[in-house]
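This briefing is for a reader who is new to the structure. Please look over the sequence and the model before reading on.

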Amino acid sequence: MTGKGIRIEGLRKRYGSGDTAVEALKGVDMQVAPGEVIGLVGPSGSGKSTLLKCLGAVIEPSGGRMILGDEVIYDDGWKVTDLRALRRDKIGFIFQAPYLIPFLDVTDNVALLPMLAGTPNAEARSRAVELFKSLDVEHRAKAMPSQLSGGEQQRVAIARGLVNRPPVILADEPTAPLDSERALAVIRILNDMARKLETAIIVVTHDEKIIPTFKRIYHIRDGVTYEEAGEGRGFE
Amino acid sequence: MISLAGRDIMHAWGKFVFTGVGLGLLIGITLSMAGIYRGMVDDAKVLLDNSGADLWVVQKDTLGPYAESSSIYDDTWRSIRTMPGVARAANVTYLTMQVRQGERDVRAMVTGIMAGEPGAPGWPPYLVAGRQITRGHYEAVADLASGFKLGDRLQIRRNHYTVVGLTRRMVSSGGDPMIFIPLKDAQEAQFLKDNDAIRQQRRRTAENPAFNRPQVPDLLAAVIASQSTNPYVNAVLVRIDSGHAAEKVAESIRRWKRLTVYTRAQMEEILVGKLIATSARQIAMFLVILSVVSAAIVAFIIYTLTLGKIREIAVLKLIGTKNRTIVGLIMQQSIALGLIGFVVGKITATLLMAPIFPKYVLLEPMDSIIGFIAVVVICILASIIAIHAALKVDPAEAIGG
């Protein structure tokens, strides 16, 4: 158990001020339990990316509360001083494209995170290789990112998001560049890893292929979220 | 922690090395420019060292014999020789001219030395082949840089000389090789006019009633004879007896002979501080320009490399990489580029440019050390723009939307 997932209450974000101010988030509530994978769905301009950036401690919300695991990280102001360390140790990121570091081999791409946190190189690499076994890319451990297929790259990117065993993972349209088969494979992996590592995973998507797989979906529109039970086929 | 800079360099080592080689050629030119300046200073010092003199006695109130023209009578050396503290004194003339050998000619400093007095000030201190001048006329000792060989026949003015000896590193302050010939020949070479000019001078003298007096029949012949000889030399080189202070002996000559006398230190100051000062300033300007250009190139390359990694930098920042790690990545790459450039530049300057450059290029270890430090400093400064760009990257750029 790495924490108690993530809970946000009344999260607001306003860009600009005065007449030109834009209220991107108007009091978002959301809770994701450890081991749960939820979908965050909404049209362009609905506030998905803003919410993701707030959750990822990349931009500062204008108000509200965020609790990550047992720790209140935001309560009308940041409650942690080192946001980089927060992102490194407690939040995993999976991007639309893999964005692997092209000059590091696959193992070091993943091991870099624990190394940045001060983990000895050998131990960090060993953790990376362990994840590769679960993600079926062990045989590509020494390859360079450019030598991998798109699906392999995305699995390595997932390993990078998981390697520090964060209580929450933010996945920003992780299946966008993939075909149906691979997209579903990625969601299957995320579900498996969420259960295995008891990590809460928020998947931002508008990929019709994968939406039916979520048990719970948060719709976001005009800066407000609406929870909906998904079809919940999942990958039990 | 792994070296991100090292991995990035190894990943694209071809591009890096190629860029470093390009930068290295520029650094090589910069080092060569410094070497040319050092060579000019060394040429000046070698000229003084090889003259074997402690004092240079020249025409009053001139900076002769190298920086200005100087003429003193060729019997002055006798009276100087008798002064206390003077071990040896010898006349010398210097004349920079084109020395012909068959169809080709070489710019050289023709030096007249007193024949029959080997070891006297002004003589080449050592030979690498052949012998010193033993005859009073038509023999020459040439520096190897002139390209002449033993037995070659040279033409200086109307006379021909046989090369009987070769010496090395005997050059003027401008780097021209020296050719030693007997003093009398050198005096004549300085003075000798062509036949038409001589005939015209004789006619003009004969037509002058002041010189052509019927009641003084030998006057005209005496005047013409005096016009046909050169009783001047450019300087007297003096070697001091051990135990005597050069400045004291110089002061004595100044006082009693009413001539200007320079010690070794003063002459060095004239050569380095005045004669090659303009060239030195030009070279300094080139050094500054080349340094600025090098810095601009490094800055541009590193900036371009950094812009190519903006997405990776955003990802690194998003996953919690500290700013100092990103600064280190860029600065280490910049320094690595500088190191490759310096090594290539040093090799280029030492093995390619120095041997083929027409002037003497002296690459001193201290200049290389200073150059190395300058390259590192320039690379650090040049990386600042790229670092600034990298630190401005918003980690949110890694997240879409």
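The model is predicted. In chain A, the secondary structure consists of 6 helices and 10 strands. Strands of chain A make up an open sheet of 6 strands and an open sheet of 4 strands.

**Overall form of chain A**

- The C-alpha trace of chain A spans about 55 × 40 × 35 Å along its principal axes.

- At the edges stand β6 (91-94) and β10 (224-229) of chain A, each of which pairs on one side only.
- On average, neighbouring strands of the sheet are turned by 20° against each other, direction ignored.
- Strands β3 (residues 37-41) and β9 (residues 216-221) of chain A are parallel and pair over 4 bridges.
- Within this pair, A:Ile38 has A:Arg216 of β9(A) as its bridge partner, and A:Val41 stands opposite A:His219 of β9(A).
- On the other hand, β9(A) and β10(A) pair in the antiparallel sense, over 6 bridges.

- Strands β1 (residues 6-15) and β2 (residues 22-32) of chain A run antiparallel and are joined by 8 bridges.
- A:Ile6 has A:Val32 in β2(A) as its bridge partner.
- There are 6 residues between the strands in the hairpin of β1(A) and β2(A), where A:Gly16 takes a positive phi near 75°.
- Strand β4 (residues 63-68) of chain A is antiparallel to β5(A), with 4 bridges joining the two.
- A:Arg65 stands opposite A:Asp75, a residue in β5(A).
- Helix α1 (residues 48-55) of chain A lies across β1 and β2 of chain A, and runs at about 60° to β2(A).

**A helix of chain B**

- Helix α11 (residues 323-356) of chain B has 34 residues.
- From its first C-alpha to its last, α11(B) reaches 48 Å, close to the 50 Å expected at 1.5 Å a residue.
- The helix α11(B) has a kink of about 40°, centred on B:Ala349.

**The contact between chains A and B**

- Chain B gives 19 residues to the contact and chain A gives 26 residues.
- On the side of chain B that touches chain A, the elements that give two or more residues are α1 (4-11) and α10 (310-318) of chain B.
- The largest share of that side comes from α10(B), with 4 residues.
- By class, the side of chain B that touches chain A has 9 nonpolar residues, 5 polar and 5 charged.

Conventions: Residues are numbered from 1 along each chain as its sequence is written. Chains are lettered from A and ligands numbered from 1 in the order in which they are written. This is a predicted model: local features need pLDDT of at least 70, side-chain atom pairs count only at pLDDT 80 or more; totals for chains, interfaces and linings use all residues. Two residues are in contact if their C-beta atoms, placed from the backbone, lie within 7 Å. Ala, Val, Leu, Ile, Met, Phe, Trp, Tyr, Cys and Pro count as nonpolar, Asp, Glu, Lys and Arg as charged, and the others, Gly among them, as polar. The expected span of a helix is 1.5 Å times one less than its number of residues. The bend at a residue is the angle between axes fitted to the seven residues ending there and the seven starting there. Two strands pair if DSSP finds at least two bridges between them. Axes are lines fitted to C-alpha atoms, for helices over the stretch in contact, and angles run from 0 to 180 degrees between N-to-C directions.
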